[in-house]
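The sequence and structure come first.

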Amino acid sequence: MFADMVGYTALMQADEERAKELRDRHRAVLTELVSEFEGQILQYYGDGTLSIFTSAVEAVRCAVAVQAFLREDSQVPVRIGVHTGDVVYDGDAVYGHGVNVASRIEALAASGGIMVSGKVFDEIKNHPTLPAVPFGPVRLKNVDDPVEVFAVAAEGLAVPTSEEFRATVGEADGAASARDDEGPWPSSDGDGGEEKGPGEVFMQRVRDRAIIPWALVYLAGALAVMLAVGFVGDQLLWPALVFRGLGVLAFVGFFIVLVVAWHHGEKGRQPVNATEVVLITFILGLGVGSLALVHDRAREEAAGLLPAGALDSDETRPSIAVLPFDDFSPDPDDAYFANGVHEDITTALSRIRSLRVPARSSVERFRTDRPGTEEMAAALGADYLLEGSTTVVQGSVRVTVQLIDGRTDEHIWAEEYDHEFTVEDLIAVRSAVAQEVASHLRATITPEEEARIAALPTETPEAWELYQRARYRWNERTEAGVQASLRLFQRAIDLDSLFAEAYAGLADAYLVLSNWGWMDHRDGHRRGIAAAQRALELDPLNPGANASLGALHLWSTREWDLAEEHFHQAILLDPEHAYAHYWYSALLSALGRHGESVQEASDAKAVDPLSPQIAYGLSRSLFLAREYAEAEVETSAALERYPDYGPLHAQLCRIRAVQGQFQEAEEACAREQEVSGLGRTLSMALVKAFQGDQDGAVREMEGFSALQGGEELQPVIVAMILAGLGDTDAALERLDRAFDGDYPYLEYLPSNPFFDPLRGDPRFGEYLARLGL
């Protein structure tokens, strides 16, 4: 360590006594502190001293203490230089390369400051109490290579500005040139101090900061992470959102690395400055914004919320409808198998995003009555049709399929698959058909889609058979059929407790039984939620379980955010899941987001164009949006196709009643009574109530209750009727009972026009608050 008084010679000329006093004070402080930090003063040089220490850290700590002491007492102006290297004794003389470098570095320090070499900095850089500011390489007299120099920046120490340092380098004896970060100035190449141009200076900084190695290391690491995540994601079937988000993070991270490397890549650039913080904050802001856009885009793609024209690419996707498979098995009890293969292939194709697949419920219309190919294709909005048949004989199965161009009736491809009745073989048939269809339709199957299609739902053939039989009975949509499916799903689970699809089927059965009044709705909803949650524990990417859980939360727990989350996931995993769109539209109506609700219902209809229930859902969304004219058009058009579907007649009745068209409403209600085989309906009671016909409304309700065996009528609907009669207290009492019993349809309180007579009552507002709507 070299310590030297600043301006000692000039002070001696001006005030010799004062100069000697300060020198003695300087020496006394050094003598005391050097020994305290395990050092030794080797030699005095007039107004300077040379000291050695057991470590570079102790030397710098001593230098900081010396400056602090002299700054407070007598204010002796001192500059200090520290270097680590060999020291040679020769009699009374002390010399060596280390001594030479230390003395040269000391000459570059500011008055009241400490300058250290790069070797010393390597020792102190991990000590937060000894920060340092780099001033780059300096060529020193009698030193072959440029030496990196740093100014210690502990509190109270003088640190020169770049300009001051340049001036000091130019004046200091033995310092030929140096460089800093502010711009071109004398170079360190020893060629007479030629000035570098801006490009050369920039490239020098890039080299000094090791920008290129930092970038290459980051890119290599990011590539390794992307490959690893890609592999794991393919195995676990992670959604595309994960990979998009990771890509954004990798891109943003690259620029953050460049900023960090520029500010910290060069040795000694440890302090964080404002510029660096602003740049990183800006980049992170862009990253967060990009992630939000990626997330919103994924939600919009999944939920069908992109603006007009954004889904034009969907119109270019080939559409294929899988017609119900014929059963040629000699045993009628094996009819379920054809249904199961048809459903499997439909599900597999619907998971290929580059295809559009009309829902199974639409194609069911053509199970027994099949017009010409072109007529079926037009009705289903399909470009292609896939026909098939199955035969089960003594444990062996034959599956025959053929692909037909629905526009020309041309047969494109056909195949016959003969297999044993094993889960592996049946899934192999499903995968093979999906691959062949995609190939002939020039559709792309992604690795995650391919893995999902080929995944075994269970390794237990008996459980798989029970599951297929359960789905066959569930699709009957009768009370006996759904109850039978419940038992079959449970038996499949008993054989394979890890069978996720069976749990999802169980949830579907409880959902239908509860909502259609075939079991206590509270118990059914509770059991359905448990089954759906278990299905998702086993298979988080199960679209059916997500859709059912969303519906159960909609009609049972009323956890709106959670319901929406599951609907989003279901649609993301299977954009062709008609009921996910249908149920989601009901949630959006409850939330007052009517435009989105109509869009979701329209998307459901596009996927399932021949389903009367889906058509009813679109009419309901328009009705709750109070778009009565459009709702009536949709309902009337649907009735032309499904004249015997009672709920559509009831919907038309309500649409006309709310517009005051009571005669036309009664005609629609009468038609509902006719097709349902009931002489009384609550729809007719509602129309009577809003006409002011109390006797007629009561007569209809009592008659309907008698038809139901005297069971309590749905309290939400009764509340609507009582509101129409002007009996506010009775209507609100019924809503109380609906809340106590967790009845469905309460979610429509904010938008249902039949509750308008109650909206001025503060108690009604309390109900809305309880719903969180």
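## A pair in helix α28

Glu674 and Arg671 are three residues apart in helix α28 (residues 662-676), which puts about one helical turn between them. In this predicted model, the two form a salt bridge whose closest N and O atoms are 3.0 Å apart.

## A pair in helix α32

Helix α32 (residues 728-740) holds both Glu733 and Arg737, with a spacing of four residues, or about one turn of the helix. Their side chains form a salt bridge with an N to O distance of 3.7 Å; the cut-off for such a contact is 4 Å.

Both residues count as partly exposed: Glu733 has a relative accessibility of 35%, and Arg737 has one of 32%.

## Asp756 and Arg759

Which residue forms a salt bridge with Asp756? The partner is Arg759, and the closest N and O atoms lie 2.6 Å apart. Asp756 is partly exposed at 31% relative accessibility. Arg759, at 29%, is also counted as partly exposed.

## Total

The structure contains 32 salt bridges. Among them are Glu674 with Arg671, Glu733 with Arg737, and Asp756 with Arg759.

Definitions and conventions:
Residues numbered from 1 in each chain as written. Predicted model: local features only at pLDDT ≥ 70, side-chain atom pairs only at ≥ 80, totals over all residues. Heavy atoms only, no water. Helix = DSSP H or I, 4+ residues; strand = E, 2+ residues; numbered from the N terminus. Buried < 20%, exposed > 50% of the residue type's maximum accessible area, 1.4 Å probe, protein only.
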